[in-house]
Amino acid sequence: MKKLDNTQYFKIQSDQEIRVSEVLQLVYQAMTEKGYDPVNQIVGYIMSGDPTYITSHKGARSLIMKVERDELVEELLRVYVEKTVKE
């Protein structure tokens, strides 16, 4: 019989962690496939928080909602600085 005086831990396995850069890449591809301007649509989502700026094609909408908007901005700025400022 188990001891009842110890606390048991239960941890739910969350979805496999996806890097922000991968989310942006997948969302960008889905938006392009549907004929949208991905830059304008992603900016609209980041500025407003309204997920309807992102297509549901290939699960892009639900995928981008798993990432905080400030993380998206941080990743975009990081890549911009690496590609533009550091060169």
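Trainee: Hi! Let's start simple: how many helices and strands does the protein have?

Mentor: There are 4 helices and 0 strands. Reading along the sequence, you get the pattern α-α-α-α. Keep in mind as we go that this is a predicted model.

Trainee: Got it. What percentage of the residues is buried?

Mentor: Of the 87 residues in the protein, 22% are buried. The accessible surface is about 7,300 Å², and carbon and sulfur atoms hold 52% of that.

Trainee: And which residues have the most contacts inside the largest nonpolar core?

Mentor: Those are V23, V27, I42, Y45, I54, I64 and L72, in a core of 15 residues. Helices α1 (20-33), α2 and α3 (60-64) each supply at least two residues of this core. The biggest contribution, 6 residues, is from α1.

Trainee: Can we zoom in on L72? Which residues is L72 in contact with, leaving aside its neighbours within four places in sequence?

Mentor: L72 is in contact with V20, L24, Y45, I46, I64 and V67.

Trainee: Nice. What share of the contacts with a separation of 6 or more comes from residues 24 or more positions apart?

Mentor: In this protein that share is 46%.

Trainee: Changing topic to charges. How many salt bridges does a search of the whole structure find?

Mentor: The search finds 3 salt bridges. One of them pairs K58 with E33, with the closest N and O atoms 2.9 Å apart. That pair links distant parts of the chain, since K58 sits in the loop between α2 and α3 while E33 belongs to helix α1, 25 residues apart.

Trainee: Are those two buried or exposed?

Mentor: K58 counts as exposed because its relative accessible area is 63%, and the cut-off for exposed is over 50%. E33 has 47%, so E33 is classed as partly exposed.

Trainee: Okay, and which residue does R78 form a salt bridge with at 2.6 Å?

Mentor: R78 pairs with E75, and 2.6 Å is the distance between their closest N and O atoms. R78 also meets E82 through a side-chain salt bridge, with 2.6 Å from N to O. Together, E75, R78 and E82 are linked in a network of salt bridges.

Trainee: Why does E75 count as buried?

Mentor: E75 counts as buried because its relative accessibility is 13%, and buried means under 20%.

Trainee: Last one, then. Which residues form a nonpolar patch on the surface?

Mentor: That would be Y28, V39, V43 and M47, with about 420 Å² of accessible area together. Helix α2 (residues 38-48) provides the largest share of the patch, 3 residues. V39 lies in helix α2, and V39 is partly exposed because its relative accessible area is 48%.

Trainee: Thanks, that helps a lot!

Notes: Residues are numbered from 1 along each chain as its sequence is written. This is a predicted model: local features need pLDDT of at least 70, side-chain atom pairs count only at pLDDT 80 or more; totals for chains, interfaces and linings use all residues. Side-chain values use heavy atoms; hydrogens and water are left out. Patches are made of residues with over 30% relative accessible area and no salt bridge: like charges are joined within 9 Å, nonpolar side chains (Val, Leu, Ile, Met, Phe, Trp, Tyr) within 5 Å. Accessible areas come from the Shrake-Rupley method with a 1.4 Å probe; for residues, only the protein chains shown count as cover. A salt bridge is a side-chain nitrogen of Lys or Arg within 4 Å of a carboxyl oxygen of Asp or Glu. Buried means under 20% relative accessible area, exposed over 50%, partly exposed in between (1.4 Å probe, protein chains only). A nonpolar core is a set of buried Ala, Val, Leu, Ile, Met, Phe, Trp, Tyr and Cys residues joined through side-chain atoms within 4.5 Å. Contact means heavy atoms within 4.5 Å.
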